[in-house]
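Hi everyone, thanks for coming. Today I'd like to walk you through one structure, step by step. Have a look at it on the screen, and then we'll start with a single residue.

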Amino acid sequence: MFITPASNIRYGSNPPYSLTDFYNFYPQFTDKVPEIVAQSFLDYANCCLQYRRYHGQWKICMGLFIAHFLTLYLETLAGGENSSTDDVISSAQAHGIITSESAGSVSYSQDTGTITNDLDGWAQWKLTSYGTQLASIAKLLGKGGMLIW
């Protein structure tokens, strides 16, 4: 049984996409993370993004997906190899938008609710500009209903 085009479900295989393709588009990530990490996020993107949904935007979306996760990965390495456990945990926490600051006694407030509520269900994609771009494209191309039987 075949799923009809009216279902709005896309399936099929993706064309080849390599780390070289990614690094050509985003050279700022070259030599910043271990190859196994970059390849793992490329594989993840390949599973999540179907060419039949994104067509001409597929390569852009693959790059945005990988860049988003590599950025988050790099944020968790902020303290380096000699970091304490507390430093590692702190660098891996989601950061909100700073909503107020104080000079005396150094305090600030951040709004993590904006991040989790923005983009209607695309919460974690708001954590990087790459993710925001990907979510915007995906929302645009994903418009339309689905029929599952």
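Let's begin at Thr128, which touches His68, Thr71 and Leu72, leaving out residues up to four places away in sequence; contact here means heavy atoms within 4.5 Å. Before going further, a word on what you are looking at: this is a predicted model, where local features need pLDDT of at least 70 and side-chain atom pairs count only at pLDDT 80 or more, while totals for chains, interfaces and linings use all residues. Residues are numbered from 1 along each chain as its sequence is written, and side-chain values use heavy atoms, with hydrogens and water left out.

Where does Thr128 sit? Its place is in the loop between helix H6 (112-117) and H7. Helices (H or I, at least four residues) and strands (E, at least two) are DSSP runs, numbered from the N terminus. Thr128 is buried, with a relative accessible area of 6%. Buried means under 20% relative accessible area, exposed over 50%, and partly exposed in between, using a 1.4 Å probe and protein chains only.

Now let's step back to the whole chain. There are seven helices and two strands, and from the N terminus on the elements run α-α-α-α-α-β-β-α-α. Of the 149 residues in the chain, 30% are buried. Among contacts between residues at least 6 apart in sequence, 59% join residues at least 24 apart.

On to the inside. The largest nonpolar core has 29 residues, and Phe22, Phe29, Ile66 and Leu70 have the most contacts inside it. At least two residues of this core come from each of helix H1 (19-25), helix H2 (35-48), helix H4 (58-76) and helix H7 (129-141). Which helix gives the most? That is H4, with 10 residues. By nonpolar core I mean a set of buried Ala, Val, Leu, Ile, Met, Phe, Trp, Tyr and Cys residues joined through side-chain atoms within 4.5 Å. If you zoom in on Leu70, you'll find it touching Phe22, Phe29, Val33, Val37, Ala38 and Phe41, again not counting residues up to four places away in sequence.

Next, a helix pair. Two packed helices are described by the angle between their axes and the distance between the axes. H4 and H7 pack at an angle of about 145°, with their axes 8 Å apart. Axes are lines fitted to C-alpha atoms, for helices over the stretch in contact, and angles run from 0 to 180 degrees between N-to-C directions. The contact is made by Ile60, Cys61, Leu64, Phe65, Ala67, His68 and Thr71 of H4, and by Tyr130, Gly131, Gln133, Leu134 and Ile137 of H7.

At Leu141, in helix H7, we find a partly exposed residue with 28% relative accessibility. Leaving aside neighbours within four places in sequence, Leu141 is in contact with Arg53, Tyr54 and Gln57. The C-alpha atoms of Leu141 and His55 are separated by 9.7 Å, although the two residues are 86 apart along the chain.

His55 lies in the loop between helix H3 (51-54) and H4, and its phi is near 45°, a positive value in a residue other than glycine. Most residues other than glycine have a negative phi. Asp31, in the loop between H1 and H2, also has a positive phi, near 65°.
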